[in-house]
Amino acid sequence: MASLEDLRRELRRIDGRGYRAYKDVGGRWAADACEVLIDHVQGDPFAAPSRVRIRVANAWPADLFDSRVRRIALQDWLARRTARAIHRVASERRGSGKSGLVAIDAGGQEVVERTAVALDENGVEARLEVGLPARGRRVLGREAETVLCDVLPEIALHALGPGNEVDAADFVDSVESQEALRAQLRERGLTAFVGDGAILPRESGVSERPLAGAVPFESPDALRVELEIPHAPHRISGMGVPQGVTLIVGGGYHGKSTLLRAIQRGVYPHVPGDGREWVVSDPDAVKLRAEDGRRVERVDISPFIGELPGGRDTAAFCSDDASGSTSQAAGIVEAVEVGARVVLLDEDTCATNFMIRDARMQELVASEDEPITPFLDRVRELWEVLGVSTLLIMGGSGDYFEAADTVIAMRAYRPQQVTERAREIAGTRATGRRSETRTPLAAPTPRVPRADSLDPSKGRRDVKISARSADEIGFGEEWIELRAVEQLVERSQTRAVGYALEALRRRHLEGRTLSQALDALEAQLDAEGLESLSRRWIDLARPRRHEVAAALNRLRTLRVAAAPIGGPGA
Ligand code: ADP
Ligand code: MG
C-alpha cells in the first residue's frame, strides 16, 4: 500500500496543475498509525466536496461497543468528538471555493444511528467531506498536503484514537439507559415517561439546546413511577403517561405544547446535558397534524369522513389537495396501517372540525349534512379496538373529558393529575352531544403500493435523490414536502428516507403491503446497515418506518393497487 509520504510526493507533483489532476490522488494512503482513504475526488473547487475516510486501529475497550445500542452510541460520540477536533484544527479556508473545508455529519441533540463513523473490532473510521484546495481552478499542492497529510492524521489520532474514556463511557451508558427505559414502557402500560428534573423547553424556535433558567419538570404524585436503568443513578422517577386516552389541558402558555414536543422527540435518545435524557416514549409514537394541500392515495378515511358532496368515495380516498380534516383523517389511518401504537396530537395544529363538534353545532347542522365523525367519537375505539393510545392537547374543549382515561393539567409548567375532577365535571355538566359513529372502527385495510409509481430518475441519471433540508426530499422529478412530519430530526435522516424509498421500490414493494415492505426494509437495515441504502457512501441517519411511510404517502406519483392482495388482514 502507498504511504502518506507517497501522497505528499504526488501532491507536490500536481501542484499548480488543473484541478482534475487531483483525480490521481484517489485511493488509500497509509501512515504509521492511520490511513487516509480518498474515495471520491470532487470535479472542481466549487462542486460538492471530496469524500475522504480516515481510519485508525480500534483501541477502545470492547465493553463500549459490545451491543448494537452501545456501538451506535460510541460511534455517535466519536462523530461528535471528530467534529470538535475539526473545529480546533481545520477551520481554516485554504483557497477558492470549498478549499480546505473539512466536515463530518455529527448530528444534533438526538442520538441516531448514522454512517458518519463506523467501527468494528479492528478499526474505527470517520467519513469526512474535504474541500481539496485550489487557487482559482488550479491545484494548491502544498495546502492539500497540509490538509491530507497533517491535519487529517491529527484528527484521526485525536478524535478516533483512545482518550477521554470516562466521557465516552458516560455517553454510551446514558444512551443504553435511555433505551432500557423505552424497553420497559409497554410492559408497564405506559406510552411515555418524563423524568423528574427534565428540562423540556428549548432555547428558541431555531435552537434545540435547552432553555437556560427553565422550570424543571416535576411529576404529579398520582402519576409518579420509578423505573430501573442499568447504570447510575440506577433508578429514575418521573411521570408515567398511561396507555389509553390521555388529555393534556391547561391555560395558554402554560407549557402544554412544550411537553408534547419533548415526548414526540422521546422516540430517540438524547445526548447527555440535553435536559430530555429521561424523556422517553414508545418507539411507535407518531405525531400527527392537519396538513391541507397534501396528497392522499387510496386511504380508507370512512371511519372519520362519510359521504362527501358529489358522492366521493372515502373508503379509498384520493386527493391532490386534501383539506385540514381529510388530511388529518388520512394521517391517522396511514399511521395505524404501518404500526403506530401512540398518536400524538396538539390542538394548535389540528383541524377543529376534525376534533370536535359540539351539541349546538349538531343541532344547527344536521349530521346528514356533516360528513365528519369527529375524532372525539373514535378516540375510545382507537384504544379499545385497535390498541392505539392517544395523547392529546386540548385546552379549548371539555367535550373530551368522558373519553379520557387520564387528564393532565399544565399549570405554570407543572403538571397535575386532574382525572377525577374532570370526571366529576363531566358527570355534572353533560355535553348534550350525540355520538356520530355509524359503523364500528376496523383496522385499516393494508394497501399495496405499486413499485412502478416511484420513479427516482431525473434527466440522464437513473437515481437522483437529495434532501434540500430536513423537510424536503427531491426524488427524481418530484419534491416531497415533509414539514408536517415533525419527528424527522435532521437532514441526513431525511436523505435516508429518500434512499429508503428507492430501496422499497427496487427491493421490497413488489406484491407486498406497505407494512410488509417496511418490515423488509427494516430487516435490510438491521442486517446490511444503513450503508446498504446507497452504492456510494453518503451521510445518512436512520429513519423510523413511520417517517419512511409518511414520505411515501406524500409522494405525488404514488399509486396503490386497487384491490389489496389477499384482502384485508393480508
Ligand atoms: P402552551 O402550549 O400551553 O400554550 P407552550 O408549551 O407553547 O405553552 O409554552 C409557552 C412558552 O413557555 C414557550 O415559550 C416555552 O418555551 C416556555 N416554557 C415551556 N415550558 C417551560 C418551562 N418548564 N420553563 C420555562 N419556560 C417554559
Ligand atoms: Mg400550545
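Which residue forms a salt bridge with Glu179? The partner is Arg182, with the closest N and O atoms 2.8 Å apart. A salt bridge here is a side-chain nitrogen of Lys or Arg within 4 Å of a carboxyl oxygen of Asp or Glu, and by this rule the count comes to 61. Both Glu179 and Arg182 belong to helix 4 (residues 165–185), where they are three residues apart, about one turn of the helix. Helices are DSSP runs (H or I, at least four residues) numbered from the N terminus.

This is a predicted model, in which local features need pLDDT of at least 70 and side-chain atom pairs count only at pLDDT 80 or more, while totals for chains, interfaces and linings use all residues. Residues are numbered from 1 along each chain as its sequence is written, ligands are numbered from 1 in the order in which they are written, and side-chain values use heavy atoms, without hydrogens and water.

Around ligand 1 there are 13 residues (a heavy atom within 4 Å). Val215, Tyr253, Lys256, Ser257 and Thr258 come nearest. By class, this shell holds six nonpolar residues, six polar and one charged.

| Residue | Protein atom | Distance to an oxygen atom of ligand 1 |
|---|---|---|
| Tyr253 | polar backbone atom | 2.7 Å |
| Lys256 | N or O atom in the side chain | 2.8 Å |
| Thr258 | polar side-chain atom | 2.6 Å |

The protein covers 79% of the 570 Å² of accessible area that ligand 1 has on its own (Shrake-Rupley method, 1.4 Å probe).

Notes: A polar contact is a pair of N or O atoms within 3.5 Å; within protein, one must be able to donate a hydrogen and the other to accept it, and residues adjacent in sequence count only if both atoms are side-chain atoms. Ala, Val, Leu, Ile, Met, Phe, Trp, Tyr, Cys and Pro count as nonpolar, Asp, Glu, Lys and Arg as charged, and the others, Gly among them, as polar. Helices (H or I, at least four residues) and strands (E, at least two) are DSSP runs, numbered from the N terminus.
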